[in-house]
2 protein chains.
Amino acid sequence: MIIDKKTRFLIVGLGLMGGSYARGLTQKGYHVDAIVNDKKSKDFALSHEIVRQCSDFVDEELIKNADVLIFALYPHTFIEWIEKNGALIKKDAVITDVTGVKGCIVEKVQSLLPEGPEFISAHPMAGREVYGVENSDERMFFGANYIVVPTEKNTENGIECCKRLAEILGFGRIVELSPKEHDDLIGFVSQLTHCIAVSLMTCYENEHLEKYTADSFRDLTRIANINEVLWSELFFLNRDSLLRQMELFESHFRKLYESLKTGDRDTMIEMMKESTARRKLFDK
Amino acid sequence: MIIDKKTRFLIVGLGLMGGSYARGLTQKGYHVDAIVNDKKSKDFALSHEIVRQCSDFVDEELIKNADVLIFALYPHTFIEWIEKNGALIKKDAVITDVTGVKGCIVEKVQSLLPEGPEFISAHPMAGREVYGVENSDERMFFGANYIVVPTEKNTENGIECCKRLAEILGFGRIVELSPKEHDDLIGFVSQLTHCIAVSLMTCYENEHLEKYTADSFRDLTRIANINEVLWSELFFLNRDSLLRQMELFESHFRKLYESLKTGDRDTMIEMMKESTARRKLFDK
């Protein structure tokens, strides 16, 4: 499977992510079809020429013709879809996804697929606090990180195809992690940060907080605007790892608290120096 | 004291904040002098025409000629300065500051001043993760919040003068809070967020974290790049209030942790819905 202008992409699920994939590929001149679950998204995608063909039911013709399938569904919906329709996928197709957790997904999907099509999982590290194909925007991928998550069942060709897709879409760093490494890391850099934002936003009763805040508070709570159905599913799918990351954060937060309570300015200053040194690596 | 183009401003301390005040006022055509504590800042300010006159010692002439004095020093340095030099200030001068805590500052400074000059405290809610007059930039104030912190010793004229200064500099919302209200709020929206960022940045050992992060992690840790000398001083000056805010945050974080640990998805979803609803108020 080598991606070229004859390749037919099929995106299953046209929300913010699926829609942004569709826009990015279409703008680069690729053939993109889509399957969605509501007429509104279909009409929007067709009238805005984000895709060529679009159906709001499981259209066997579209599936059979697809060379590269991109799944942008909720985790449990993705698994159910593959279970039900996986047999319709072309033998030499490459399948990828955007799912935010991997441990419970990648091997499950690979085991559900018939002999033939290759599922190579990926996680585009980009998002917005808005939803739906109406808000999709291919620019959110420009320069963002993209994690490819292969297992031993994947081939070099499948992995290359998945990376090629990221290049076409304009991602920045493209890295590989195992499902376990991915979930530990995502538990830390993404899920834990959302837990913090939600806790911060819910803990203080003040109706007019926006009058008094600086950028720091706005930055820390931007992601407190959260899709509760999707994110609670992702949290529970990565429960053990996220619980560990929350404990880790809490122990350091507690250390800072104790330094303040006991008047231990040396420890406080040491933590601040360390955090400054580490954070500076990000801006290099 | 009515601010007009004959008003002489004196900025004491030309770091990021003092420098930005100087630039903003100078660009609007006001007369700005400054007192700094190092030759390098003085040379920079003069050669970039950020101020008219600048001295790197306590210049009595500059102090005596000043109508409005703006102190942009570390809290303890500010108090020491007033203690030593307060008597040099003109009788009808208005004095303001940028100090990040108020309870232990405002009444102290007011009590140290001789009869005559009026100290009206303020907190510009803006900042950057860089330091020094070289990085100063008046644009960081545009649209930002500005908190005026009067006590019963302040006059209507003093408060108006302080607000006028904020208008000239382009601040957005200008609000009034008492020293106690200010410190509780700042403990929450600013100091607590810095505690979170420092804890988050120090708790995970991974040298190459920047390869895997999304915007959420970068946003939450931007302020982890922190001036440890200034911020540890600010934290200890607002110790009781900050400890309470840290406990409050921790109890909500713990609630989310328990909901995940015990499989209580309803509580998790409820917290996420509340956080989303509250955060949306910010973007109105």
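Predicted model: local features only at pLDDT ≥ 70, side-chain atom pairs only at ≥ 80, totals over all residues.
**Exercise 1. In which helix do Arg164(B) and Glu167(B) both lie, and how many residues apart are they?**

Residues are numbered from 1 along each chain as its sequence is written, chains are lettered from A and ligands numbered from 1 in the order in which they are written, and side-chain values use heavy atoms, with hydrogens and water left out.

*Solution.* 
- Step 1: Find helix α6 of chain B, residues 156–169; both residues sit there, three apart, which is about one turn of the helix. Helices (H or I, at least four residues) and strands (E, at least two) are DSSP runs, numbered from the N terminus.
- Step 2: Look at the side chains, which meet in a salt bridge at 3.5 Å, N to O. That term stands for a side-chain nitrogen of Lys or Arg within 4 Å of a carboxyl oxygen of Asp or Glu.

**Exercise 2. Is Lys180(A) buried or exposed, and is its salt-bridge partner Asp184(A) buried or exposed?**

*Solution.* 
- Step 1: Confirm the pair: the closest N and O atoms of Lys180(A) and Asp184(A) are 2.7 Å apart.
- Step 2: Read off the areas. Lys180(A) is exposed at 54%, whereas Asp184(A) is buried at 19%.
- Step 3: Arg128(B) counts as partly exposed at 36%, while Asp137(B) is buried at 11%.
- Step 4: Tally up: over all chains the count is 35 salt bridges.

**Exercise 3. What is the strand order of the open sheet in chain A?**

*Solution.* 
- Step 1: Line up the six strands as β3-β2-β1-β4-β5-β6, with parallel pairing. Two strands pair if DSSP finds at least two bridges between them.
- Step 2: Find the edges. β3 (54–55) and β6 (118–119) each have a single partner strand, so one side of each has no neighbour in the sheet.
- Step 3: Zoom in on β4(A), residues 68–71. Four bridges tie β1(A) (residues 8–12) to β4(A), with Val12(A) partnering Phe71(A). Another four bridges join β4(A) to β5(A), residues 94–97, where Val68(A) stands opposite Val94(A).
- Step 4: Follow the chain from β4(A) through helix α4 (residues 75–85) to β5(A): this β-α-β crossover is right-handed. In other words, with the strands pointing away from the viewer, the path from the first strand over the helix to the second runs clockwise.
- Step 5: Carry on to β6(A), which two bridges join to β5(A); there, Val94(A) has Glu118(A) as its bridge partner.
- Step 6: Check both faces of β4(A). Val68(A) and Ile70(A) on one side and Leu69(A) and Phe71(A) on the other are all buried.

**Exercise 4. How many residues does the contact take from chain B and from chain A?**

*Solution.* 
- Step 1: Count 84 residues from chain B and 84 residues from chain A. Contact means heavy atoms within 4.5 Å.
- Step 2: Get the buried area, about 8800 Å², with carbon and sulfur atoms giving 68% of it. This is the accessible area (1.4 Å probe) that two parts lose on being put together, summed over both.
- Step 3: Look for salt bridges between the chains. The count is four, and one of them pairs Arg222(A) with Asp219(B) at 2.7 Å, N to O.
- Step 4: See which parts of chain B touch chain A. Elements that supply at least two residues each include α7 (179–202), α9 (228–237) and α10 (239–261). The most comes from α10(B), with 17 residues.

Conventions
Buried < 20%, exposed > 50% of the residue type's maximum accessible area, 1.4 Å probe, protein only.
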